[in-house]
Amino acid sequence: MIEFPDGFLWGTATAAHQVEGGNWNNDWWAWEHTPGSGCVDPSGDACDHYARFADDVAMLAGLGFNAYRFSLEWSRIEPEPGLWSTASLDHYRRVCEACLAHAVTPMVTLHHFTLPRWVAHVGGWESPDTAGRFGAFCERAVAALGDLVGWAVTMNEPNVVAMMGYQAGMFPPGRRDPSLRRSVTDILLDAHRQGGAALRDGPGHFPVGLSLSMTDFQAIDGGEERVARYRRAGEDMWLEAARDDDFLGVQTYTRMRVSAGGPVGNAPGVPVTQMGYEDYPAALGACLRRAADVAGATPLVVTENGISTDDDDRRLAFVEAALAEVGACLSDGLDVRGYVYWSLLDNFEWAFGYGPKFGLVAVDRGTFERRPKPSAFWLGSLARANRLEAKAAR
Ligand code: BGC
């Protein structure tokens with residue numbers, strides 16, 4: 001049995017573009033409709049969460065969660081340069097208020113992969129000025145919402161933005177240039193600093209940090225040097241930046257085995273998720289420990305962890321194993337403040353469209369009807385108990 005600390009955050013997450021629907025004014029929507037981008041579906045109405053947020057928040061609270069991580073859609077709040085939408089800010093106030101009315105802590109992400117089209121048109125993350133534009137957005141957002149925010153994540157997985165958008169070409173703007181990945185990373189770091197400063201200067205008192213995509217890189221057959229290189233290219237600068245933050249969000253999905261020649265692919269016999277990578281929950285413990293090693297005393301929150309599968313028993317087993325990892329880290333003295341499952345809803349999985357099922361709750365694509373899966377009830381009851389019983393108790 002694992003007892004979690006008092007006040008442990010038990011959350012589940014979404015991101016605006018993946019659930020709200022109708023976010024036509026951002027770079028991702030444009031990308032979905034660009035021939036050759038590789039996107040398999042347009043996001044379209046997504047889960048209609050923009051209209052249905054009140055029911056969704058009531059549902060997650062009813063299941064037993066005490067935190068909800070969601071993101072603000074910059075393209076709604078600042079649809080044209082300097083044109084601020086009070087109505088959109090009011091909407092996100094209502095989302096925060098709905099959380100608070102249900103004793104759910106609002107964990108607000110300011111940037112989760114999407115940029116307003118106008119920002120993309122003036123250079124997006126290739127333009128150093130975008131750091132200041134993001135800072136101004138954070139200033140406006142916190143002025144409107146700061147008194148209601150529980151935790152704030154400046155940027156979701158900036159290392160994925162740099163890698164997927166500028167080196168792998170799978171996210172907008174679809175560039176394939178490793179040197180751009182490096183220069184964009186510097187601009188994202190600056191944006192995190194400017195955004196974080198704006199959030200701290202505004203109304204409200206809440207922890208501010210970023211969330212980082214971490215992979216459990218495992219060196220085999222002399223792969224140590226290459227693992228060190230991968231970490232330097234995508235993780236280390238962010239872990240070091242997090243030393244100055246109030247917390248670090250760790251987001252881990254799997255491991256990657258790496259030899260001297262590069263990634264060796266999935267190990268034979270290890271089950272694979274709908275995303276094509278190994279179902280390997282132990283990755284979370286390894287990444288939390290590495291985060292603590294490099295980020296020092298900064299508290300950690302698991303701001304995303306989950307599995308895409310049609311088999312809900314497998315989801316439950318994955319989360320149980322991942323929580324056992326969190327428990328082991330806590331026993332070793334790591335300061336882990338919460339666990340947020342990705343995702344509340346089956347939603348728009350970026351270039352992979354609506355195929356992968358990460359959700360605790362299924363969504364009917366024709367009617368938007370929500371149907372919580374057994375894993376949702378199980379994880380919610382565990383959240384209420386604040387403890388994980390041994391397997392036999394299920
Ligand atoms: C992202 C989510 C995404 C999830 C599953 C994370 O990289 O923050 O937006 O849906 O992983 O792939």
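This is a predicted model: local features need pLDDT of at least 70, side-chain atom pairs count only at pLDDT 80 or more; totals for chains, interfaces and linings use all residues.
View 1. The largest cavity has a volume of about 70 Å³, and the second largest cavity has a volume of about 50 Å³.

**View 2. The centre of the largest cavity and the residues around it.** The largest cavity is lined by 14 residues, of which Glu20, His49, Phe70, Ser71 and Tyr92 are the closest to its centre. Two or more lining residues come from each of the helices α1 (16-19), α3 (49-63) and α5 (86-101), and from the strand β3 (67-71).

**View 3. Residue classes in the lining of the largest cavity.** When the lining residues of the largest cavity are divided by class, 9 are nonpolar, 4 are polar and 1 is charged.

**View 4. The second largest cavity and its lining.** The residues that line the second largest cavity are Leu72, Val108, Leu110, Ala141, Val142, Leu145, Val149, Ala152, Leu199 and Phe206. The elements that contribute two or more residues to this lining are the strand β4 (105-111) and the helix α7 (129-145), and α7 gives the most, with 3 residues.

**View 5. Residue classes in the lining of the second largest cavity.** The lining of the second largest cavity consists of 10 nonpolar residues, with no polar and no charged residues in the division, whereas the lining of the largest cavity includes 4 polar residues and 1 charged residue beside its 9 nonpolar ones.

Notes
Residues are numbered from 1 along each chain as its sequence is written. Side-chain values use heavy atoms; hydrogens and water are left out. On a 1 Å grid over the protein atoms alone, a cavity is a set of points where a 1.4 Å probe fits but cannot get out, and a pocket is an open set with protein on both sides within 12 Å along at least five of seven lines; lining residues have an atom within 4 Å of a point. Grid points are joined across faces, edges and corners, and a volume is the space filled by probe spheres set on the points. Helices (H or I, at least four residues) and strands (E, at least two) are DSSP runs, numbered from the N terminus. Ala, Val, Leu, Ile, Met, Phe, Trp, Tyr, Cys and Pro count as nonpolar, Asp, Glu, Lys and Arg as charged, and the others, Gly among them, as polar.
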